[in-house]
Amino acid sequence: RPTGTSKRVDLTLLIQSHCNIFVYETLFKATGMCATGSGSPFIHEVRKDEDIYSPILRKLFNESHHIFVGLQTIREDLPSKNKKPQFVSISKNYRSVIRACMEELQQVAGYPLIRSVLLQVSILLAIELIWNLCEVLFIDAAPAGSLLLHLLDWVRLHKADVDEKARDVLQSDSPISEFRCAVQVVSYVLQGRLDEARQMLGKKATLTPAANNIFKMMDNLLSKMPFYNPGGTQTLTEFDVKWRHWHEEVDRCLQDNSFASNQHLEVLCKILLGDEDTLLEHKDLLGTWYHFLVSRLLFCHPTVKPTELHYYAQSCMTMFLDSRSAPEPLDSILLAAFEFDIHQVIKDCSIALNNWWFVAHLTDLLDHCKLLQSHNLHFGSNLREFLLLEYASGLFTHHSLWQLAVDYFDHCLEFGRVYLELQIERVPLDTERKALKVLRICEQRQMSEQVRSICKIMAMRALRNNRLGSALSWSIRAKDAAFATLISERFLQDYCAKGTFSDLDLIDNLGPAMLLSDRLTFLGKYREFHKLYGEKRFKEAAKLLLSLMTAKIAPRSFWMTLLTDALPLLEQKEVIFSADQTYELMFCLEELTSSLNTPSSDSDKSMQEDVELTKVELLRLALSRNLAMAIVKEGTVET
């Protein structure tokens, strides 16, 4: 869309190409009059699902396809308790594929910095962040106690710069490193990584030996902070009591001014107490409102229940974000997840993200977890199927990824078959190899109409390129009798012109396929006659030749060729044709010559007819001599 506030865009023409849309824009001034002179129309190409053209993201589509197919094989009759670990494992597999693609994109983006690649990286970061949270809240469905531990892992994974900064501090001996140590300790504490915080605190203590006692006091508080162990013997109630005792001890230290002599340690003590104002003073270290949420829960509500998350999430987002600006789409999606509004998460992601990959695969997984059963769309298909169909339809616009889409359509039981039938017809059959792939897919799914269509297209293309063997093979696969007849005629015409058959292997191995049409049957049988003749099985060859004419299988236009083929048999020293067979040949010859007796004014046609009449005279002579020999031979035998 052109820049400038004085113009608006009127989309007057949409031209649907194979998979893209061409948009023709007409520009109008604010007054409503058409722009002239400086204003000129623009044509834009709107490409569908642009990400499928990225080589690195294609790996995401390929790898996730394998995970998707594996997910569909999980048996429905298994108890939910047994399936849950499988679903969590599959979710982690999806995330590992996302992260692998993201890391590869980051390497590409390093030199030079490509804006489009950086955009893809940021989108993948957001996708993994959302997926990981959905895994914690919906798929793993962690209970109170374990929930906070999972949320801490979630924040640590997506705030990975802390370790890089820590390495810089530990390797530095400069005077300013004391302040940097304090910042790094706070960063670790905000993520609940207290062992690393104590290690950094020891580094700082060596810089200020005089304050060694208060550093030991803080180290003692950090070492005593309890964390819930889901696999241990301690109950959640016992943990809560222990945590409260520790919290009271931290509060006493603050009230006693134990850390008054060291500002950094006093701030750290307030953070351990979960003081909101102190936490908000470290926005730059927290970075996001959801990091603030998890840190606040860690130091104030470690036994938070899933049902209470939405309250804390809403209040943390309100406190952390600027009240004058609206939340970003990512903020709204994460908030919806904390509110356990799955459908809102999917809806917002569908609007915010630039392709259907994420919502299609996440929805499919959530549907297998039985979390979307109550939500059907008004026009028949459920939410899972709708999103999978949209995603697969996008894949079909790509020259190679369309093969992945077939499996997605296969697992959409309501409309998948219909979509596949419509989309498969749009796949460009660039090569015979690709056509065979498409054909195999259709044959495996008994899509007979599409099979016929593909075979006809390929047969016609081969015929235009004068590849008769390939054309005949495709027409046989299509079971198209009319087209097989047409190609058989071309074979016979070529034989008449050249005196030899092309593609002998195909004709020799027609088998039952020759029954598809009379002309194809004749072609196969006529080739069989030539084989018998070549093997000097003259009597069998003669019988077959005669049957082709008397049974009316041979086209009338080919009779003269057949009778000419009979000449060498008639000239043999041994009598090949019996008297009755000779009479039948003579009858066929007379029936054929009756059409040659009409006069013609065209000189070329007249010359051609003279040649034909010469052949007729030779045939009559040969047939008469053969008849005489046959009568003598048969009479002698009877005597």
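Start in the loop between helix H15 (329–338) and helix H16 (342–352), where Phe340 lies. This is a predicted model, so everything I quote is computed from it. Phe340 is not a glycine, yet its phi is positive, about 60°. With a relative accessible area of 32%, Phe340 is partly exposed.

There is another residue of this kind further along. Lys479 sits in the loop between H23 and H24. Its phi is near 55°, again positive in a residue other than glycine. Lys479 has a relative accessible area of 65%, which is over the 50% cut-off, so Lys479 is exposed. A positive phi, near 60°, also turns up at Asn466, which follows H22.

That brings me to H22 itself. Helix H22 covers residues 448–464, which is 17 residues. From first C-alpha to last it reaches 24 Å, close to the 24 Å expected at 1.5 Å a residue. Which residues of H22 are buried? They are Gln450, Val451, Ile454, Cys455, Met458, Ala459, Ala462 and Leu463. The cover over these buried residues includes helix H20 (416–424), helix H21 (432–444), helix H23 (468–478) and helix H24 (481–498).

Take H20 first. Its partner here is helix H18, residues 383–395. The axes of H18 and H20 come within 11 Å and cross at roughly 15°. The cut-off for roughly parallel is an angle under 35 degrees, and H18 and H20 are therefore roughly parallel to each other. H18 passes H20 in a right-handed crossing. On the H18 side, the contact is made by Glu385, Leu389, Glu390 and Ser393; on the H20 side, by Gly416, Tyr419 and Gln423. By class, that contact divides into 2 nonpolar, 3 polar and 2 charged residues.

Now H24, with helix H26, residues 518–534. Here the axes come within 8 Å and cross at roughly 35°. H24 contributes Ala484, Thr485, Ser488, Glu489, Phe491, Leu492 and Tyr495 to the contact. From H26 come Arg519, Leu520, Phe522, Leu523, Tyr526 and His530. The classes in the contact of H24 with H26 are 8 nonpolar, 3 polar and 2 charged.

H1 has 18 residues, which should span 26 Å at 1.5 Å a residue. The end C-alpha atoms of H1 are 27 Å apart, which agrees. Buried in H1 are Ile56, Leu57, Leu60, Phe61, Ser64, His65, Ile67, Phe68, Leu71 and Gln72.

What does H1, residues 55–72, look like against helix H19, residues 402–410? They pack at an angle of about 25°, with their axes 11 Å apart. H1 and H19 are therefore roughly parallel to each other. The crossing of H1 past H19 is left-handed. Phe61, Asn62, Ser64, His65, Phe68 and Val69 of H1 meet Leu404, Asp407 and Tyr408 of H19. In that contact, 5 residues are nonpolar, 3 polar and 1 charged.

Two C-alpha distances next. Gln107 is in helix H2, residues 80–109, and at 54% relative accessibility it counts as exposed. Gln107 and Val117 are 10 residues apart along the chain, and their C-alpha atoms are separated by 9.9 Å. Arg625 is found in helix H30, residues 603–638. Its relative accessible area is 46%, so Arg625 is partly exposed. Between Arg625 and Leu570 there are 55 residues of sequence separation, but the C-alpha to C-alpha distance is 8.3 Å.

To finish, the totals. The protein has 30 helices and 3 strands. Of its 639 residues, 45% count as buried. Among the contacts with a separation of 6 or more, 63% are between residues 24 or more positions apart. That is what I have; questions are welcome.

Definitions and conventions:
Residues numbered from 1 in each chain as written. Predicted model: local features only at pLDDT ≥ 70, side-chain atom pairs only at ≥ 80, totals over all residues. Heavy atoms only, no water. Axes fitted to C-alpha atoms, helices over the stretch in contact; angles between N-to-C directions. Helix = DSSP H or I, 4+ residues; strand = E, 2+ residues; numbered from the N terminus. Parallel < 35°, antiparallel > 145°, perpendicular 65-115°, else oblique. Left-handed = near helix turned anticlockwise from the far one by under 90°. Contact = heavy atoms within 4.5 Å. Nonpolar A, V, L, I, M, F, W, Y, C, P; charged D, E, K, R; others polar. Expected span 1.5 Å × (residues − 1). Buried < 20%, exposed > 50% of the residue type's maximum accessible area, 1.4 Å probe, protein only.
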